[in-house]
Amino acid sequence: MSVTVDGDKSGLVPDRMRRILRGPRAETVPALVGTACTFVGLIDIAAGVFPRFRASRMHTFAEVLPGTLGPFAAALSLSAGVLLLLLAHGLKRHKRRAWRAAVVLLPAGAVAQFAYRHSFIGVALSLLLLTLLLRHRGEFAALPDPRSRWKALANFVLMGAGSLGLGLLIVSAHPDKVVGDPGLTDRIEHVLYGLFGIEGPVGYTGDVDWTVGYSLGALGMLTALTTIYLAFRPEHPAARLTEDDEAHLRELLAKHGGRDSLGHFALRRDKGVVFSPSGKAAVTYRVVSGVMLASGDPIGDVEAWPGAIERFMDEAKAHSWTPAVMGCSETGGEVWTRETGLDALELGDEAVVDVADFSLTGRAMRNVRQMVKRIERNGYTTRVRRVRDLSDAELERVRAAAVAWRGTDTERGFSMALGRIGDPGDGDCVIATAHKVDEDGTESPYGDLKAMIHFVPWGPDGMSLELMRRDRAADPGMNELLIVAALQASPKIGIERVSLNFAMFRSALARGEKLGAGPVLRGWRGLLVFLSRWFQIESLYKFNAKFQPRWEPRFVVFRHSRDLPRIGWAAMQAEGFVNLALPRPFARRRPARQPRPCAHLPQQAAKHEIAA
């Protein structure tokens, strides 16, 4: 039976189910080929490093070959082996370019093994793998990944280290042919010279000198060529939001933005987007280390979500990316798992405060109330406004202070951060600022500004916390002061609900500290508390709990449990906790991104003035 989804009459649901059912089998051949490629690459490297078998039956035939063929074949076998090791991961990910390169390298490695080591087994394994690649060439159709220049530097470091290690093996693999007794320093010096094609201090008898020299030169050439290729190949940039994409997303948020507090973060311009066939729903994403990361729920009409999810999964399959979703709601998690066959795991909880229920009275709020009163007595004042109500001069001061008070070289955040303040299209954002005139009369470049928090819209009647910054010299408690000020001012600007920080593993921390918690739960909580020394796990939970919120669970959606470490690493990169960018002297300079004009901003402002 065919089911129509999102206005499509072609029966997408059965197609999805068929792909889910045959998914593991479809991955078997590339995984097998990738593993076999690793094995053959190691054999080729071993054939190039260690001397040939003089007792081989092919020795008589080898004697009539040109004299330099032995050393040249050793270098060729070594080069083919190293390149096959580099290609193995791409073959496991169905990459077409890796397949093409392997089809060329395998015959070269086979010829080199035949000419140098006379190994029929090595030749047979190479040809068997080549046959397997040709037979299943349809499995290797994945498109390339987005490219970045830092891969060239990473390749240079890794290939350089690998070449040094292999070079030491090559230099030491002929102990009976070495002249004298060179030490480790001499061997390392010989390798370093050999990588640049220069003769080193270690001498050999017979043709071994040529073999070692060719092999070291081949390693050096491989390192140089692969690094140059990665550094100067044509750019294939990651997907970015176009102006039309952003305008379409804003239309969807205007109609359905109240469903998810993370919806406005889909407007980050370093994300790509796929839309459902009807255009009524969208999924935004970023590709990091081969993981296609979506964040929050799909944008738009819930009934059209399956169509957008279908497009997302098709894009992941076309590039052989690992699909994952960070921070989706329970409803979103149910749709993702139902439509794709993926699995879900609770990641933490989002703190949501209902403005009508918020009050500073009562014993539970005593600590917050006392802190706020103390700061106010010290002369601090607060202002809560829409971003569009700030003057140009004040907005510039806010932007400059946000950069100066950041505390890290790069802006952090992906799934729950917008990454900008005061863009013409973000006039509905709310900013709360704390002010105090310095008693000593010193002039600050930011005026009397001491702290700020920035909220993005959550539908017409909500807002979601995006950023908190404070002057390091300001009194403690600035964030509590500004959150209380924002909650108290919310009714005046038409806000009924406020989303605060996300608390990772909140339920484990809460249950683990209760009376009667079991040893496993207490141990898990203890580990989280220990990790809180480096990551804001327990501190964010305790900070959010001060405001007596309700907790909304958030989930991570993934394909296999074995993908979780890779997804976690990619998420840490996306959120800015791990930065793999090139050092500043090597980074390509990019022109500053100018704020985009937003023609529909006056209509948005009028709408919210009516709502208020």
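Student: Is Ala266 buried or exposed?

Tutor: This is a predicted model, and in it Ala266 has a relative accessible area of 4%. Buried means under 20%, so Ala266 counts as buried.

Student: Where does Ala266 sit?

Tutor: Ala266 lies in the loop that runs between α9 (243-256) and β3 (272-275).

Student: Which residues does Ala266 touch, leaving out those up to four places away in sequence?

Tutor: Ala266 is in contact with Leu241, Leu249, Lys271, Thr284 and Ile299. As for Ile299, it is 33 residues from Ala266 along the chain, and the two C-alpha atoms are separated by 8.0 Å.

Student: Now to α7. What is its span?

Tutor: Helix α7 covers residues 184-195, twelve residues in total. From first C-alpha to last it reaches 17 Å, close to the 16 Å expected at 1.5 Å a residue.

Student: Which of its residues are buried?

Tutor: In α7, the buried residues are Arg187, His190, Val191, Gly194 and Leu195. Viewed down the axis of α7, they fall within an arc of 130 degrees, so they line one face of the helix.

Student: What follows α7?

Tutor: Gly197 follows α7, and its phi is positive, near 80 degrees.

Student: And α18, which residues follow or are buried there?

Tutor: Helix α18 (residues 564-575) also has a glycine after it: Gly576, with a positive phi near 90 degrees. The buried residues of α18 are Ile567, Ala570, Ala571, Gln573, Ala574 and Glu575.

Student: What covers those buried residues of α18?

Tutor: The cover includes the strands β4 (281-288), β5 (291-295), β7 (322-328) and β14 (550-558).

Student: A change of topic: at what angle do α10 and α11 pack?

Tutor: Helix α10 (residues 305-319) and helix α11 (residues 330-340) pack at about 60 degrees, with their axes 10 Å apart. The two helices are therefore oblique to each other, and α10 passes α11 in a right-handed crossing.

Student: Which residues meet there?

Tutor: On the α10 side they are Trp305, Pro306, Ile309, Phe312 and Met313. These meet Thr331, Gly332, Val335, Trp336, Glu339 and Thr340 of α11.

Notes
Residues numbered from 1 in each chain as written. Predicted model: local features only at pLDDT ≥ 70, side-chain atom pairs only at ≥ 80, totals over all residues. Heavy atoms only, no water. Helix = DSSP H or I, 4+ residues; strand = E, 2+ residues; numbered from the N terminus. Expected span 1.5 Å × (residues − 1). Buried < 20%, exposed > 50% of the residue type's maximum accessible area, 1.4 Å probe, protein only. Arc of directions from axis to C-beta. Contact = heavy atoms within 4.5 Å. Axes fitted to C-alpha atoms, helices over the stretch in contact; angles between N-to-C directions. Parallel < 35°, antiparallel > 145°, perpendicular 65-115°, else oblique. Left-handed = near helix turned anticlockwise from the far one by under 90°.
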